Amino acid sequence: MSPEPMDARCVDDDHIAPKPQQDTGSKKLELLSNGYYYDVTSFVERHPGGPIIQMYLNNCEDATQAIQQFHARSRKRVDAIMNSFPKRKATDADLIQTWGPDRVERHRALTRDFESLYKELQDDGLFEPSLSHVLMRYLEITTIGSLGLYLFSAGYTAIGVAFVCWAAGRSTWFVHEAGHHSLTGKPWLDRWMQSHIYGIYCGCSGASWRNHHSQHHAMPQHIHNDIDLHTLPLFAFHERVVTKKEQFGFFVKYQKYFIYIIQSSIMGFYWKWVEDPVYAWKNGYYWDLVHMGIHQIFVYKLGLPLYLLSGCIVLSYMVLQATLSHTHLPITEDPTHWVEYGLVHTANVRSSWWVDYIMGYLNYQIEHHLFPTMPQFRNKLAAKRVKELARKHGLPYHLYDYKTIVIKTLTNLSNVSDDVEKRIKQEEKQEMKVAQMKNSGNNHAGDGNNKEVVGMNKKMLIKKESGLIESIVKDMKLHKIF
């Protein structure tokens, strides 16, 4: 059962375009959190997390759980910053006017039960980092990558490239955890490890990754705010993303065939060579640039053709796993509770030793979205209690086996292309009908004009003839013919 839609006053009419940045000079900007509206007007541009804060600058959105979960490792500092802002109490009248009485009660019940579950999981130690686990995964990646380069240099080309791809693929899940500060429990160290591994083995910037991924995590499948939905012109995960006929190009039309071969590679190499270096340079993330520079050893050792081939393999693998847990699920444009985002718009893949390995524990995507700073190998320990929370509030808990979710993902890609194509054809037919009606109207108008001209000519001719007859009669009278 999906959550009820919010009041229409809260829905943006921009359709699927990302919301523009707020004008901080023209009005006060308030953030709803823990029952208060905080005046963050002077802080918006200085927010370390970038534009994500702007997604909550609306009385219809509640940032309580987002702030709590994103900043779980630096809570004291965040609380100190929040307490420095002017604030006012969010009264029942405010909330009822915004959401309606039924929604207010539902929201409070979800918050209360989520807070209780969060405390239980904390008390059970599920958020405690495991340094031995981190060290094991770090050594796995560096050993496989180094062995790959050695084997390639020793003349074992195929197996060497395979090991390099293996290391790069495994590194993506490691840096994902580092970006969520769920590895060591120390945000500064996790960020450095992300910069180090992501830069060296993937050639990308950890800071750029955090900037983009946090926007997805805050509101998954929100058509205005989830950056993972804004993927044109390469592919589209929902037909509403394609708003213009010009956007329905070759890539979107045939995405079911090429998304994991062509589009994923174009996107990945654009990150490596354009977006991430520019972002790191402009924002002063120089360690990212250093580590991305070290990555060029792989280009030198493998040579450009084999480097491009290995990159395509890794990117295809990475994009496939990343698209399984969200893209086939419903979208929303309404303000939604943190718990509803995690349960309605996110799916899990049934666990097995090989699924856990190839997906880097991200097959527990629901638990990961609800508790992003929980070490991901512990997500499975929270799954049973999260299911109980979903059942209590009448929310879905999407769980599929690997084969089924792959089929659902590919089917969705196909359906989106077909739906967009049908819509465009219908629009073209409608445009033709309108054009025909206009032409027909012009023709009728032309016929009317012609009839009027003919009528006027007839009148003139009759008048002329009458005059001629009168003249003849007059002449005959003068000549006494009568």
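A residue counts as partly exposed when its relative accessible area lies between the value for buried residues, under 20%, and the value for exposed residues, over 50%. The legends below describe close-up views of a predicted model.

**Figure 1. Overview of the predicted protein chain and the confidence of its parts.** The protein chain contains 18 helices and 5 strands. Of its 482 residues, 48% are buried. Taking the contacts between residues at least 6 apart in sequence, 70% join residues at least 24 apart. The mean pLDDT of the chain is 87, and 85% of the residues reach 70 or more. Residues 1–24 have a pLDDT that stays under 50, and the model has 58 contacts for them beyond four places in sequence. A pLDDT below 50 is also found over residues 471–482, a stretch with 2 contacts in the model beyond near neighbours in sequence.

Figure 2. Apart from neighbours within four places in sequence, Leu232 is in contact with Val241, Val242, Gln247 and Val252.

**Figure 3. Lys244 and Val420, two residues from separate parts of the sequence.** Lys244 belongs to the loop between α8 and α9. Its relative accessibility is 51%, so Lys244 counts as exposed. In sequence, Lys244 and Val420 are 176 residues apart, whereas their C-alpha atoms are 9.8 Å apart in space.

**Figure 4. The crossing of helices α10 and α13.** Helix α10 spans residues 255–282 and helix α13 spans residues 304–323; their axes come within 8 Å of each other and cross at roughly 105 degrees. This angle makes α10 roughly perpendicular to α13, because angles of 65 to 115 degrees are counted in that class. On the α10 side, the contact is made by Tyr260, Ile261, Ser264, Ser265, Met267, Gly268, Phe269, Trp271, Lys272 and Trp273. On the α13 side, it is made by Tyr307, Leu308, Gly311, Cys312, Leu315, Ser316, Met318, Val319, Leu320 and Thr323. By class, the residues of the contact of α10 with α13 divide into 13 nonpolar, 6 polar and 1 charged.

**Figure 5. The hairpin of strands β1 and β2.** Strand β1 covers residues 30–33, and strand β2 covers residues 36–39. The two strands pair in the antiparallel sense over 4 bridges. Within this pairing, Leu32 has Tyr37 of β2 as its bridge partner, and Ser33 has Tyr36 of β2. In a regular strand the side chains alternate between the two faces of the sheet. In β1, Glu30 and Leu32 point one way, while Leu31 and Ser33 point the other way, and all are buried. The hairpin has 2 residues between its strands. Asn34, in the loop between β1 and β2, has a phi near 50 degrees, a positive value in a residue other than glycine. The relative accessible area of Asn34 is 48%, and this residue is partly exposed.

**Figure 6. The open sheet of 3 strands.** Strands of a sheet pair through backbone hydrogen bonds, either parallel or antiparallel. Here the strand order is β1-β2-β3, and the pairing is antiparallel. Strands β1 and β3 (87–89) stand at the edges and have a single partner strand each, so one side of each is left without a neighbour in the sheet. From one strand to the next, the twist averages 25 degrees.

**Figure 7. His181, a buried residue with a positive phi.** Helix α6 spans residues 157–179 and helix α7 spans residues 187–202; His181 is found in the loop between them. Although His181 is not a glycine, its phi is positive, at about 60 degrees. His181 has a relative accessible area of 14% and is buried, because this value is under 20%.

Note on methods: Residues numbered from 1 in each chain as written. Predicted model: local features only at pLDDT ≥ 70, side-chain atom pairs only at ≥ 80, totals over all residues. Heavy atoms only, no water. pLDDT = per-residue confidence, 0-100. Contact = heavy atoms within 4.5 Å. Axes fitted to C-alpha atoms, helices over the stretch in contact; angles between N-to-C directions. Parallel < 35°, antiparallel > 145°, perpendicular 65-115°, else oblique. Nonpolar A, V, L, I, M, F, W, Y, C, P; charged D, E, K, R; others polar. Buried < 20%, exposed > 50% of the residue type's maximum accessible area, 1.4 Å probe, protein only. Pairing = 2+ DSSP bridges.
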